[in-house]
Amino acid sequence: MTDGNAPWDVAIVGGGNAALCAAIEAAEAGARVILLEAAPEHMRGGNSRHTRNFRCMHHGPLSVLTDTYAEDEYYDDLLRVTGGKTDPELARLAIRESEAALPWMERHGVRFQPSLSGTLSLGRTNAFFLGGGKALVNAYYATATDLGVTIRYNAKVAHVHVESGAFRWLELESGERITARAVVLASGGFQADIDWLARAWGPAARNFLIRGTPWNRGEVLRDMLDQGAESVGDPTQCHAVAIDGRAPKFDGGIVTRLDCVPFSVVVNRDGARFHDEGEDVWPKRYAIWGRLVAAQPDQVAFAVIDAKARGLFMPTVFPPESADTLEELAGKLGLDPAQLAATVDAYNAACRPGAFHPTELDGLATEGLEPPKTNWARPIDTPPFHGYTLRPGVTFTYLGLRVSARAQVQSGHGPLSNVWAAGEIMAGSILGQGYLAGFGMTIGTVFGRIAGQEAAAHAL
Amino acid sequence: MPYDTTPAASATDEARRQLEICNACRYCEGYCDVFPALTRLTEMEPGAISHLASLCHNCRGCYYACQYSPPHEFALNLPAALAEVRQQDWEDYAWPQPVARLFHRSGLALAAALVAGFAALFAAIAALRPESGEGFYATLSHNAMVAIFAPAFVLPLVAVAISLRAWWRAIGGGRVALADITRAARAAGRGRNLDGGQGQGCNFERGDRFSNARRHAHLATLWGFLMCFAATSVATLMHYGLNWPAPYGFWTPPKLLGVPGGILLCLGTGALMALKLRADPALGAARVWGGEMGFVALLFFVSASGLALYAATGTAAVPALLAIHLGAVLAFFLLIPYSKMVHGFYRFAALMADRRAP
């Protein structure tokens, strides 16, 4: 069974959520399945290992989810973040199928827990994984193994051989050839390939941090596009948020996020403010700051708070730089002390008296300041002062493969007869812009399952 | 600025480093009482870290779920980090200090203590052989047993009480209410912190797969131990209160508690040893693996020799088996404050102090 040269029914390229859902579905349909994970075992699971929840439509309480989250509300939420850049047919399919997907996930080993502390706003819409995405990945690997799926780690696919509109075999980086009747491509985006990112976005991308796995390098995506597969999504864009500038280059995950911006003054390398820190509430604000910081010199910014703001936001993984004066803090952050003090003084002078409400848009705005701070604008005047370094952290890229509603990969000459795709590699169809918390896992689960079923049906 | 990967100065500092990362993540909130207690902390003082460390039951769910476990540069291994803090507390708070460490670290020292216990009992039997008596009192009189075991039982408990009082102050335990005791008893009696939060159990002997084997083995050990303890207590009451001394028949409270209790303790400790051999030592306090294993083996020996003694009733093997069993019990009692046995007291106290737990 473990002979890599045996003709497999279904080969799965990738080892994250979508790949595993496809493998499980195909194996349950009776197919002989091989799953090829590029990463070593301890790094298996792609970006899924960093995820934490699943956005799920439901009518009435479902598992850990409260109340109701209906299709239209879900779809409206998607339209809001994508600005309409979505494929309505695929999007509604993902949304509708999510309701049945959650019990399927539970049957296949996934455990959910009530909304985490600090995330109560998601208790109705998002089901959190007990232990997070890596626990989900572990559960699926155990289920797939029990179903007889052959799992290969360190098995990076270098080439998907397509001939006359059909897939024939896979070539691994090692030179090994894997032949199968059908293939599911679920190997993610290209955000970990910094050179590609720099070509797409510009040289500034070299200063970006990658929040997820270093293994999503887009080889399979590139290979398929080179062979005439149709693409979706803006090839130049990636989803980036502002994260702690001290985060690791790769794989920092959830803990590197910084929620302090609304209670801070944010300056760039030159000590100047550049955007309204009080513009909006989470999660929109969270998403825009990656882009804002990316546009600053050296792709870096600094959020400065005072003692009053400690404890108003989620704890940070790294302690802030702290000092009793702004000048001293500037020195620790590598900023010009006089410039930082002048910027904060000007901001403080523009603050007006009023009631401060950290959990809502309180309208406490500056006057006569450019750019203004339109909410939560309290003077930064109570030592000790604290400073965090911000850098853009890339979550995922938008470029992907175009698929049908049955997850089949499309070429200029029609669908490829035995090639399906699921997860980040095709998510650009649905998420053309922005991000909706927990929706990546929805796309991966729904289309992973469809791809696995379709591939097995084709092979058997 | 890259992440500071220099090793932490102490077990407490290392646990604090890891807990700060956990507190910024919170994915593991549903596994056990540690994470909800962590999110309620405002400052990570050493006392608070000690409290979390003793709340942790080493179920290892968080380790296998962790996106930052080694070789990630954050190198999170919270089960091991908290085990080290617990171990350090048991040793640092132990009283008197000169015997605080040896038996935790060395299974060999435990074995030596056991042999010393045998020798003491054989010597006592040889020196104090009674002129008359029934059952095992024909070998060693009731008064001689009381003379040996009353201090051997009370003094270790005094030592534990002295240690625990200092530790309770360090964690800011506060006044104990009846509700604290009942809540802790419920959690301990059901092994709630060993059930993975949803009844799926620990990630112990099967890697990232869950299993309730450790929870069941631990509960068998706990309840078996408590039943044996209750059997002895009931027998003491019967002896002094009802003037009804041993030997007791099978259908009497001491035997009805003691025999099933001994069997449970035997099965539980046997299973715990088997599971420990299959679990990854790097997810616990690896330096005390031998001492921990030695302690479980001692408890197994106490229960197995007790059952053997009962089975040998009326035979010529009783004097030797009595010496061996009572010698093991003596070693066990005397080592309570200085061996893994002390974890029960700290854990129960930690559960009492966790006032927001269900």
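Reader: How many bridges join E3(A) to strand E5 of chain A?

Author: Strands of a sheet pair through backbone hydrogen bonds, either parallel or antiparallel. Here E3(A) and strand E5 (residues 126-129) of chain A run antiparallel and are joined by 3 bridges. Two strands pair if DSSP finds at least two bridges between them. Helices (H or I, at least four residues) and strands (E, at least two) are DSSP runs, numbered from the N terminus. One detail of this pairing is that A:Arg55 has A:Asn126 in E5(A) as its bridge partner. The model is predicted: local features need pLDDT of at least 70 and side-chain atom pairs count only at pLDDT 80 or more, while totals for chains, interfaces and linings use all residues. Residues are numbered from 1 along each chain as its sequence is written, and chains are lettered from A and ligands numbered from 1 in the order in which they are written.

Reader: In what order do the 3 strands of the open sheet stand?

Author: The order is E3-E5-E4 in chain A, with antiparallel pairing. Strand E3 (53-55) and strand E4 (112-113) of chain A are at the edges with a single partner strand each, so one side of each has no neighbour in the sheet.

Reader: Which residues of strand E13 of chain A are buried?

Author: A residue is buried if 20 or more other C-beta atoms lie within 10 Å of its own, exposed if 12 or fewer, and partly exposed in between, with C-beta atoms placed from the backbone. In strand E13 (residues 265-268) of chain A, both faces are covered: A:Val265 and A:Val267 are buried on one side, and A:Val266 and A:Asn268 on the other. E13(A) pairs with strand E14 (residues 301-305) of chain A over 4 bridges in the antiparallel sense, and A:Val265 is opposite A:Val304 in E14(A).

Reader: How many residues does the largest nonpolar core have?

Author: In soluble globular proteins, nonpolar side chains tend to be buried together. A nonpolar core is a set of buried Ala, Val, Leu, Ile, Met, Phe, Trp, Tyr and Cys residues joined through C-beta atoms within 7 Å. The largest one has 257 residues, and A:Val10, A:Ile12 and A:Val184 are among those with the most contacts inside it. Helix H13 (residues 318-335) of chain B gives the largest share of this core, 13 residues. Two residues are in contact if their C-beta atoms, placed from the backbone, lie within 7 Å. Leaving aside neighbours within four places in sequence, A:Val184 has contacts that include A:Val10, A:Ile12 and A:Trp420.

Reader: How many helices and strands are there in chain B?

Author: Chain B has 14 helices and 0 strands. Its radius of gyration, taken over C-alpha atoms, is 22 Å, close to the 21 Å that the globule rule gives for 358 residues, so chain B is as compact as a globular protein of that length. The globule rule is 2.2 Å times the number of residues to the power 0.38. Of the 358 residues in chain B, 46% are buried. In helix H14 (residues 343-353) of chain B, the buried residues include B:Tyr346 and B:Leu351; helix H3 (46-55) and helix H8 (142-170) of chain B are among the elements that cover the buried residues of H14(B).

Reader: How many residues does the contact take from chain B and from chain A?

Author: The contact takes 27 residues from chain B and 26 residues from chain A. On the side of chain B that touches chain A, H1(B) supplies the largest share, 5 residues.
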